[in-house]
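This report describes the architecture of a two-chain model. The sequence and the structure are displayed below, and the sections that follow should be read beside them.

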Amino acid sequence: MQNIPFDLQLLNLCAALFLLLSFAMLAQRRVVSLVGLLAMQGTLLLIATVLLAWRTGENHLFISAALTLGLKVLLLPWILYRLIRRLNVYWDTEPLLNIPGTMLIGVLVVVFSFGLAQPISALASTATRSSIGIAVAVVLLSFLTMITRRKAMSQVIGFLSMENGLFFGAMSATYGMPMIVEFGVALDILVAVLVLGIFFFQIREQFDSLDLHHLESLKETAPDTGRKLSGEEK
Amino acid sequence: MTPLSILTQALELIAALAAAPLFLGWVNQCRAWLQNRSAPSILLPYRNIRKLFHKDAVVATNASPLFRLAPYVVFGAMVAAASIIPSMGTGLPFTRAADAIALVGIFATARVFLSLAAMDIGTAFGTLGARREMMVGFLAEPALLMVIFVASLISATTSLPAVTENLATRDLTIFPSLAFTAVAFTMVLLAENARIPIDNPATHLELTMIHEAMLLEYSARHLALMEWAAALKLFNYATIGFALFVPWGVATGMSGPGTLFASIPILGIKLIVAGFGLALIETASAKLRVFRAPEFLAVAFLFGVLGLLVRLLLGA
């Protein structure tokens, strides 16, 4: 390991910072900062893609880097930011677990995913194969972010960060997905964010809040009448 | 054991003892500048210590011998720690006595005696300070150990001078793991030395203080030793940081006395920069509530563990 080439060192640095940003998202309570972190994650992905394209000479990676720049660094954070301003949701409520507890679970998740990725990395032949574990960890950490949040906004941001993780995983395992898949996925998440934006307005209109907690009851009775009923049973 | 190594050892010990109050004074001066106050003299800690040595000691009537013994143990532990941290050269004869993990143990010994002495008199503030110190300590120690493990993994040894020698002489490579642990170490340094996010070194507001609360019953030469030991602790932590993260300029095994003397001004520059950085962090951040301290230190621990994991997975 004494003679790792310099660009690979930079790629490793990107991978490590990628993991760090996932933890920052896990710890962050302000929704606006979450969007900023998502944009930073996109930027790191962009840098990593360009480095990898330059290193391997795979030209299609440049196209996917341009896609990342346009969509994940600029467009999606901008849409999310507009949504936050329109919906006036700057803070998430207290997460389901306290922050240090979530962090410790996060560390366990990272250990688990590193163990999980070990055999996959052994099979891969790319120079960046050791980053597969980090990609898996980022996916699972984003999942954890979605699980521990109540507000719809944070869950969507967790979802987008998961997509970033998957993209990074594909990049480090096989130098990127086929172009058609990449375009498809990019279009998908763009549409998903637009549709979810409409959903946000509908959810808020229905429940006066973006707390997904309200969606858990299946019946159409308002939550307070339900409480009254159980009170009568007593 | 060559004459040069004995010279290195002696120089380092003298430098630590002499420069520790100066470093503290420099941090205080920078803090005052950054807060638009007129700065106290950089020599103030020396004058304070001299003044205290000239006073007569007053000890509470129900103090046990432990109370009198504690300042000497704490001060001795800090001197022992200073003697195994390679601040100028790595050829230290004392280094066989303790490796980096034992170094954490030496700091823990000092902490235990300080807390016991604080509880010995039985005043409410002493006990309060001791409990808080133990709370901070038990959370900061694992984080510090993680930092040391990462550096040890990279250089395949736990002896601190050997780690420094290894890191200083290898080709320049980017270690994301070391970058993570540097952040963790900075956080541990702030917590362990009673700096601002955790404790305010300038406060005498009883409810917020940790370190000062433990020293309330001390006076004269005991207090002087305690304050000198606190300055030494800060100096030690700074030099551990240099040894792990900016080891360049230290006289390594092969080099002659020339590099040793050249390393003295380099150490001075590092200390000036580090002191200013410390003052900047303290000015920019607000003191946390005591119950937020575990969160702060959990983040430090997290950084340490992340560094370790990144090191194991990426080999970087």
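## Chain A

In chain A, 74% of the contacts between residues at least 6 apart in sequence join residues at least 24 apart; two residues are in contact if their C-beta atoms, placed from the backbone, lie within 7 Å. Buried residues make up 36% of the 234 residues of chain A. A residue is buried if 20 or more other C-beta atoms lie within 10 Å of its own, exposed if 12 or fewer, and partly exposed in between, with C-beta atoms placed from the backbone.

Chain A has 8 helices and 0 strands, in the order α-α-α-α-α-α-α-α along the sequence. Helices (H or I, at least four residues) and strands (E, at least two) are DSSP runs numbered from the N terminus.

## Basis of the model

This is a predicted model, in which local features need pLDDT of at least 70 and side-chain atom pairs count only at pLDDT 80 or more, while totals for chains, interfaces and linings use all residues. Residues are numbered from 1 along each chain as its sequence is written, and chains are lettered from A and ligands numbered from 1 in the order in which they are written.

## Chain B

Chain B contains 11 helices and 0 strands. Its radius of gyration, 19 Å, is close to the 20 Å that the globule rule gives for 316 residues, so chain B is as compact as a globular protein of that length. The radius is taken over C-alpha atoms, and the rule is 2.2 Å times the number of residues to the power 0.38.

The C-alpha trace of chain B spans about 60 × 45 × 40 Å along its principal axes. Of the 316 residues in chain B, 48% are buried.

## Packing of H2(B) and H9(B)

The axes of helix H2 (residues 44-54) and helix H9 (residues 220-245), both of chain B, come within 7 Å and cross at roughly 155°. Axes are lines fitted to C-alpha atoms, for helices over the stretch in contact, and angles run from 0 to 180 degrees between N-to-C directions. H2(B) and H9(B) are therefore roughly antiparallel to each other (angles over 145 degrees).

Residues of H2(B) that meet H9(B) include B:Ile49 and B:Phe53, and those of H9(B) include B:Leu223 and B:Trp228. By class, this contact has 9 nonpolar, 1 polar and 2 charged residues. Ala, Val, Leu, Ile, Met, Phe, Trp, Tyr, Cys and Pro count as nonpolar, Asp, Glu, Lys and Arg as charged, and the others, Gly among them, as polar.

## Interface between the chains

Chain B places 15 residues in contact with 20 residues of chain A. Helix H11 (residues 293-314) of chain B gives the most to the side of chain B that touches chain A, with 10 residues. That side of chain B has 12 nonpolar, 2 polar and 1 charged residues.

Technical notes
Parallel < 35°, antiparallel > 145°, perpendicular 65-115°, else oblique.
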